[in-house]
Amino acid sequence: MSSERTAEVVICGAGIAGIAAAYHLAVRRGIGGVVLVDEGPPLSLTSDKSTECYRNWWPGPGDAMVAVMNRSIDLLDELARESDNRFRLNRRGYVFATADPERARGFRAAAERAESLGAGPARLHDGGASEYRPAPAEGYENLPTGTDVILDRALIRRYFPYLADDTMALLHARRCGWFSGQQLGMYLLERARDKGVRLLEGRVERVDTTGGRVRAVTVASAGGARTLTTPRFVNAAGPFLRRVGRLLGVDLPVFCEQHAKVALNDVLGAVPRDAPMLIWTDPVSLAWSPEERSELASSDAHRRLLEEFPAGVHGRPEGAGESTAVLLIWTYETAPMEPTFPMAFDPSYPEIALRGMTRVIPGLGAYLSRLPRCFVDGGYYTKTRENRFLAGPLPVEGAYVLGALSGYGLMASNGAADLLADYISERPLPAYAPAFRLDRYDDPAYRTLLDQWGDSGQL
Ligand SMILES: Cc1cc2nc3c(=O)[nH]c(=O)nc-3n(C[C@H](O)[C@H](O)[C@H](O)COP(=O)(O)OP(=O)(O)OC[C@H]3O[C@@H](n4cnc5c(N)ncnc54)[C@H](O)[C@@H]3O)c2cc1C
């Protein structure tokens, strides 16, 4: 039982992680007395800035990432079904594209690797009669999983005529798409509140851990400080995970990177409204006229625009009905930094992202002579070194962490919160649980693996 001054579980952070934790504890595990604390409105920090995409397309080592994402997507499917798809889940897939023969050959191996990790079957389309079916714009039921690799250029042109002419291979990962993160979060929060979860506005400033276990949490708000007696505390503080970890005397091995997205109005329709998520997997040299080139070459501040930019520019259409919005993301700088707000973004980012995406979709080049009005926003990816999140117990009894959800926290939040709820409700844990515990770093074999870690799966 809980009163105003006591709780069974206090969760710090009402982003998607904290809200999903409250939902899984209260609604799916029947735990009472859950209090969700945030110093701002729910879902207003990082969880408001996402591109809102999801995928079960993840690298190894091991199958833990694919397994937890499959679980998370199973939960998204269930939630979509029971809510009449209130958060507009679609399954358009992620289409990775290349104009590089070497990379094109690698697509086949990548699809087979993904199959071995549990992402679903690899299908090859390299000419002749093809079973390839593009994804419908809406809906998520009864659609293929796995990966289609298209090496037949006629097939590419038939279904993706808007891509660059020299595109020679596509990899279409199918159990992927996007949804409204705000709608999902609000749905989970409403369900959680129906089951008695309390939302408290204020900043968690102190956690009493006398005797090595959680005893109380002090929350400061406009009305003054309030102390809640509780045996359990969940750190779901997003970019402030490390800071809140210190309240428990635990130094969490996480850091933050700034990531931004551009929204532009594609009034010319360069990106079809039913397009999937599109990712260019080759590095890109931005196209400039000879005059622009010599001007850029003479400027210390802008010379870098003549250099090759890393692979990974991506984008998708956003919104239903009459919407002409297109979202673009291209992360070419990933220096770790202290999270500070409000954030400032490179003023040249929209033009760079647009020029990069023009390599994939030449029709976007129509906007380069006169840039359309663009809107830029973003947040921090809070990450561990190998880009795998943290969900599980901390070395203080009764303390837990749910964070470091990097650039995939909306898609992973249900799987991660479901895992955390298993710990708190003392249920049997899934096989992937050890991959996301903090104490994995105590294992010498894991530390050796970290030194040889390859692809982190970040787009
Ligand atoms: C540009 C961009 C694109 C992205 N695209 C995708 C995508 O396509 N798909 C996807 O799945 N993910 C994406 N993400 C990642 C996703 O947005 C994050 O992983 C997710 O939102 C993290 O959620 P969170 O709850 O951990 O953090 P947050 O949403 O930041 O929530 C943390 C909360 O904790 C609160 N808090 C912190 N400290 C305290 C304290 N001491 N007291 C009280 N409250 C406190 C904060 O106020 C905040 O509300 C993207 C992120 C960015 C920035």
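This is a predicted model: local features need pLDDT of at least 70, side-chain atom pairs count only at pLDDT 80 or more; totals for chains, interfaces and linings use all residues.
Let's start with a general idea: two packed helices are described by the angle between their axes and the distance between the axes. Here, helix α2 covers residues 64-82 and helix α9 covers residues 409-424, and their axes come within 7 Å while crossing at roughly 100 degrees. That angle makes α2 roughly perpendicular to α9. On the α2 side, the contact is made by Val68, Met69, Arg71, Ser72, Leu75, Leu76 and Leu79, and on the α9 side by Met411, Ala412, Ser413, Asn414, Gly415 and Asp418. Sorted by class, the residues of this contact between α2 and α9 are 7 nonpolar, 4 polar and 2 charged.

Helix α1, residues 16-28, has its axis within 14 Å of that of α2, at a crossing angle of roughly 65 degrees. With that angle, α1 is roughly perpendicular to α2. The crossing of α1 past α2 is left-handed. From α1, Tyr23, His24 and Arg28 meet Leu75, Glu78, Leu79 and Glu82 of α2. The contact of α1 with α2 has 3 nonpolar, 1 polar and 3 charged residues.

## How α1 meets α9

The axes of α1 and α9 come within 8 Å and cross at roughly 45 degrees, so these two helices are oblique to each other. In this pair, α1 passes α9 in a right-handed crossing.

The α1 residues involved are Ile16, Ala20, Ala21, His24 and Leu25; they meet Gly409, Leu410, Ser413, Asn414, Ala417, Asp418, Leu420, Ala421 and Ile424 in α9. The contact of α1 with α9 divides into 9 nonpolar, 4 polar and 1 charged residue.

By class, the lining of the second largest pocket has 15 nonpolar, 7 polar and 4 charged residues.

About 50 Å³ of space lies in the largest cavity. Its lining is made up of Trp58, Pro59, Gly60, Met65, Glu386, Asn387, Arg388, Trp453, Asp455 and Ser456. These lining residues of the largest cavity divide into 4 nonpolar, 3 polar and 3 charged.

Where do the cis peptide bonds sit? One runs from Gly60 to Pro61, with omega near 5 degrees, and Pro61 lies in the loop between β3 (53-55) and α2. Another joins Phe341 and Pro342, with omega about -5 degrees; Pro342 is in the loop between β20 (336-337) and α8 (349-360).

Positive phi values are also worth a look. Asn85 has a positive phi of about 50 degrees although it is not a glycine, and Asn85 is found in the loop between α2 and β4 (94-98). Ser406, likewise a residue other than glycine, has a positive phi near 50 degrees. Ser406 is placed in the loop between β23 (399-403) and α9.

Conventions. Residues are numbered from 1 along each chain as its sequence is written. Side-chain values use heavy atoms; hydrogens and water are left out. Ala, Val, Leu, Ile, Met, Phe, Trp, Tyr, Cys and Pro count as nonpolar, Asp, Glu, Lys and Arg as charged, and the others, Gly among them, as polar. Axes are lines fitted to C-alpha atoms, for helices over the stretch in contact, and angles run from 0 to 180 degrees between N-to-C directions. Helices (H or I, at least four residues) and strands (E, at least two) are DSSP runs, numbered from the N terminus. Angles under 35 degrees count as roughly parallel, over 145 as roughly antiparallel, 65 to 115 as roughly perpendicular and the rest as oblique. Contact means heavy atoms within 4.5 Å. A crossing is left-handed if the near helix is turned anticlockwise from the far one by less than a right angle, and right-handed if clockwise. On a 1 Å grid over the protein atoms alone, a cavity is a set of points where a 1.4 Å probe fits but cannot get out, and a pocket is an open set with protein on both sides within 12 Å along at least five of seven lines; lining residues have an atom within 4 Å of a point. Grid points are joined across faces, edges and corners, and a volume is the space filled by probe spheres set on the points.
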